[in-house]
Amino acid sequence: MVYFIKALRISIYNLKKTISSIRVLTVLLIVAGFILQNLEAVLNFSNLVGVRITPYAFPHLTNDYICQLVIVAGVIFIFSNAPYEDDGYFYMLSRSGKLSWALGQIFYSISISLIYILFLLLVSVLPLVGNMDIGCEWGKIWGTLAKTDAGIQVGLLFNVSEYMVSHYSALFALMISVILEWCCASWLGLLIYLLNKLTSKAIGTCTGALCVLFDICISNDWMAWANRFSPITLAQINTYSGINLKYHITLKYGILFFIIGILVLSILCVLVNYKENTEIRLQKLEVKWRKKQ
């Protein structure tokens, strides 16, 4: 229990640093601005036809090809400074121990991912507040944009999924989209931490960027079976339809992929903290410091 309490304190320390970071606040503003720009056409269409909008933009945004890439790019940028070893690293490590430190980084990765996704969910709802229709159904606006070419006529920048509107209830689609995006962000965060820590270089960050490239390749040229191994693709509800079902790419498979992946990556993130003797590393840093003097 003591290990978990220490790990929780470490994760809270990292969260405070991240939330107050200009670097992270900048990327949040950029992604938020992108979402607001995409929702502008929906608001214009709502005003044009005089019908209020239900607050279910998030599932459509996360299932749009371009929007998903921008959202995930934000995730990679947030985790790009892994393994989060600042000037207080050795002091905190000596007081907490390697296990608590590693668990703290895992808790942090999962927590900051949830905060990021909930922030995007809030951003997708706030612009609609003045013209919002509270209800459990998709409503006329999303139904019309999904099943007609009205979106093209009003300059809609993202795709409103006809498949989602036809096969999922609005509340269920919203819930599943949030869970899948959270899992995807956590999966990527743990992967970046693991590889950056293991190599002491930005290999994890580059690998996260390659996951984005992997999704682009699948969407354009590759066979559908490759969707089984793309976390960004598996975070989209539309993936679980059509020819993908032939390769047993179902919603159940996607959830299991993320759960098992996060568990395995978490274990590896703990183990990788034992790869290096901390005392030896301290001696190396001391030698470098003396040389500078």
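A search of the whole structure, which is a predicted model, finds 9 aromatic pairs. One of them joins Tyr163 and Tyr168. Tyr163 is partly exposed, at 22% relative accessible area. Tyr168 has a relative accessibility of 14% and counts as buried.

A second pair is formed by Tyr253 and Phe257. Here the ring centres are 6.4 Å apart, and the angle between the planes is 35 degrees, so the pair is tilted. Both residues belong to helix α13. They are 4 residues apart, and therefore about one helical turn separates them. Tyr253 is buried, with 19% relative accessibility. Phe257 is buried too, with a relative accessible area of 18%. Both values fall under the 20% limit for a buried residue. Aromatic residues also gather in a cluster, made up of Phe79, Tyr84, Tyr108 and Tyr193.

In soluble globular proteins, nonpolar side chains tend to be buried together. The largest nonpolar core of this model holds 91 residues. Tyr116, Trp142, Leu145, Phe158, Trp187 and Phe258 touch the most other members. Helix α10, residues 170-199, supplies the largest share of this core, with 17 residues. The contacts of Trp187 beyond four places in sequence are Cys211, Pro231, Phe257, Phe258, Gly261, Ile262 and Leu265. Phe257, one of these partners, is the residue whose ring pairs with Tyr253.

Ile176 lies in helix α10. Ile176 is buried, because its relative accessible area is 7%, under the 20% limit. Beyond four places in sequence, Ile176 is in contact with Ile237 and Leu251. Ile176 and Pro59 are 117 residues apart in sequence. In space, their C-alpha atoms are 8.3 Å apart.

Leu256 is found in helix α13, which covers residues 251-272. At 40% relative accessibility, Leu256 is partly exposed, because this value lies between the 20% and 50% limits.

Key
Residues are numbered from 1 along each chain as its sequence is written. This is a predicted model: local features need pLDDT of at least 70, side-chain atom pairs count only at pLDDT 80 or more; totals for chains, interfaces and linings use all residues. Side-chain values use heavy atoms; hydrogens and water are left out. Helices (H or I, at least four residues) and strands (E, at least two) are DSSP runs, numbered from the N terminus. Buried means under 20% relative accessible area, exposed over 50%, partly exposed in between (1.4 Å probe, protein chains only). A nonpolar core is a set of buried Ala, Val, Leu, Ile, Met, Phe, Trp, Tyr and Cys residues joined through side-chain atoms within 4.5 Å. Contact means heavy atoms within 4.5 Å. Rings of Phe, Tyr and Trp (its six-membered ring) pair if their centres lie within 6.5 Å; planes under 30 degrees apart count as stacked, over 60 as edge-to-face and the rest as tilted.
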